[in-house]
Amino acid sequence: MGIFGRFEKKVEGAVNGVFARAFKGDVQPVEIAARLQRELDAEAKLLSRDTRLVPNDFTVGLSPHDHDKLAPYAGTLTTELAAELRHHAAEMGYQFNGPIRIHLVLAPTLPTGRFTVASEAVAGVEERGTPDRPAPAARRPEAPRRPEPARPAGPDPRTQLVLEVNGTRHALTPPGLVIGRGTEADLRINDPGISRRHAEIQVEGTGASQRLHIVDLGSTNGITVNGHKVREAALQEGSRIEIGSTRMLVHAPAGR
C-alpha cells in the first residue's frame, strides 16, 4: 500500500469513515498530506553531508467552506498528518528542528477546493539549570517582615534586556548563559546546526549599566551578529543573533 493509501486508511478509520463522506468534491485530507510532503522536499536545506533540515511548523489556509468542513476533525487530521510527515522524513533522511505543528486557518479569499501551505523551521527551545548553573530552588514561605524604609530608585527595570527566541523571552542576568543543543546548556535549542555548547552570552551588571558580550565556544557553524560572522561581539538593545537556523533578538520588553 502506498503512502497516500495508508494515510487515507488511517484517517478514515480514525473517524469511522466520516472523511470519505463529508469531503467528497472538496479539499481532501490526502491532498493536504501530499502538499505537506512536497513542502518538505522543496524546503529541505543541507546542513551537513548527512543532515537536511526541513520545516516543522505548517499553516494550511482553507476556504470558508473547506474550513467549516475540516475544523471539527482538526485534532485527528493534524495528528495523522504529522505522523505521515515523520514517516516521510525518516524515509528521506530529513531532520526536524522541533515538534511538528500543523495549523488549519481560515483564508476568506480562497475558493472552495483550493488551499495554501506556508512553512517554517522553528527550533524547540528549553531553558534549564545545569550543575554549574542550577535552577533556582523553590523558596520556603518566609515570616512576615517589617516594612523597610523607602530607598532611592535604582535603574529602571524596563531597561533590563532579554533574549527572545521563537517568541519566548529569556532573562539576561549575571553571569549569563550558555546556548547549545546539549543537556549541559543553560538555553537548550533543538537545532541540528547548533553545537552542544555553541556560544555563551556573558552578562555584567543590571539595568542601565548592563553589559552583554557573546563568545563562540568553538562551535562548528559559528555565530552571526547583526549580519556579520564573528567569534565574539558586544551586544546591546536591538542586536540580532543567528546560530544555526535559529534567530534571536536582544531587546528590552517595555521597548516593544
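Analyst: Start with a cut-off. A residue is buried under 20% relative accessible area, exposed over 50%, and partly exposed in between. Keep in mind that this is a predicted model.

User: How do I use that here? Does Ser209 count as buried, exposed or partly exposed?

Analyst: Ser209 has 44% relative accessibility, so it counts as partly exposed. Ser209 sits in the loop between β12 (199-204) and β13 (211-216). Check its place in space too. Gln160 is 49 residues away from Ser209 in sequence, yet their C-alpha atoms are 9.5 Å apart.

User: And Ala234, buried or exposed?

Analyst: Ala234 counts as exposed because its relative accessibility is 57%. Ala234 belongs to strand β16 (residues 232-235).

User: Which residues does Ala234 touch, leaving aside neighbours within four places in sequence?

Analyst: Ala234 is in contact with Leu212 and His213.

User: Now the whole chain. How many helices and strands are there?

Analyst: There are 5 helices and 18 strands. Of the 256 residues in the chain, 41% are buried. Take the contacts with a separation of 6 or more: 64% of them join residues 24 or more positions apart.

User: Which residues of α3 are buried?

Analyst: The buried set is Pro29, Val30, Ile32, Ala33, Ala34, Leu36, Gln37, Glu39 and Leu40.

User: How do I describe the packing of two helices?

Analyst: Two numbers describe it: the angle between the axes and the distance between them. In this model, α3 packs with α5 (residues 74-92) at about 40°, and the axes are 10 Å apart. The crossing of α3 and α5 is right-handed.

User: Which residues make that contact?

Analyst: From α3 come Pro29, Ile32, Ala33, Leu36, Gln37, Leu40 and Asp41. From α5 come Leu77, Leu81, Glu84, Leu85, His88 and Met92. By class, the contact residues divide into 9 nonpolar, 2 polar and 2 charged.

User: On to sheets. How do strands pair?

Analyst: Strands of a sheet pair through backbone hydrogen bonds, either parallel or antiparallel. Begin with the sheet of 3 strands. This sheet is open, its order is β5-β3-β6, and its pairing is mixed.

User: Why is one side of β5 and of β6 left without a neighbour in the sheet?

Analyst: β5 (101-106) and β6 (115-120) stand at the edges with a single partner strand each, so one side of each has no neighbour in the sheet. Neighbouring strands in this sheet are turned by 20° against each other on average, direction ignored.

User: Where does α3 pack on this sheet?

Analyst: α3 touches β3, β5 and β6, and its direction makes about 40° with that of β6. Helix α5 lies across β3 and β5, at about 135° to β5.

User: How many bridges join β3 to β5?

Analyst: β3 (residues 57-62) and β5 run parallel and are joined by 6 bridges. Thr59 stands opposite His103 in β5, and Leu62 stands opposite Leu106.

User: And what joins β3 to β6?

Analyst: Here too there are 6 bridges, but β3 and β6 run antiparallel. Asp57 stands opposite Glu120 in β6.

User: How many residues of β3 are buried?

Analyst: 5 of the 6 residues of β3 are buried, so the strand is largely enclosed by the rest of the structure.

User: What is the order of the sheet of 6 strands?

Analyst: The order is β9-β8-β18-β17-β14-β15, in an open sheet with antiparallel pairing. Its edge strands are β9 (168-171) and β15 (228-230), each pairing on one side only. On average, neighbouring strands of this sheet are turned by 30° against each other, direction ignored.

User: How many bridges link β8 and β9?

Analyst: β8 (residues 162-165) and β9 pair over 4 bridges in the antiparallel sense. Val162 has Ala171 in β9 as its bridge partner.

How values were computed. Residues numbered from 1 in each chain as written. Predicted model: local features only at pLDDT ≥ 70, side-chain atom pairs only at ≥ 80, totals over all residues. Heavy atoms only, no water. Buried < 20%, exposed > 50% of the residue type's maximum accessible area, 1.4 Å probe, protein only. Helix = DSSP H or I, 4+ residues; strand = E, 2+ residues; numbered from the N terminus. Axes fitted to C-alpha atoms, helices over the stretch in contact; angles between N-to-C directions. Left-handed = near helix turned anticlockwise from the far one by under 90°. Contact = heavy atoms within 4.5 Å. Nonpolar A, V, L, I, M, F, W, Y, C, P; charged D, E, K, R; others polar. Pairing = 2+ DSSP bridges.
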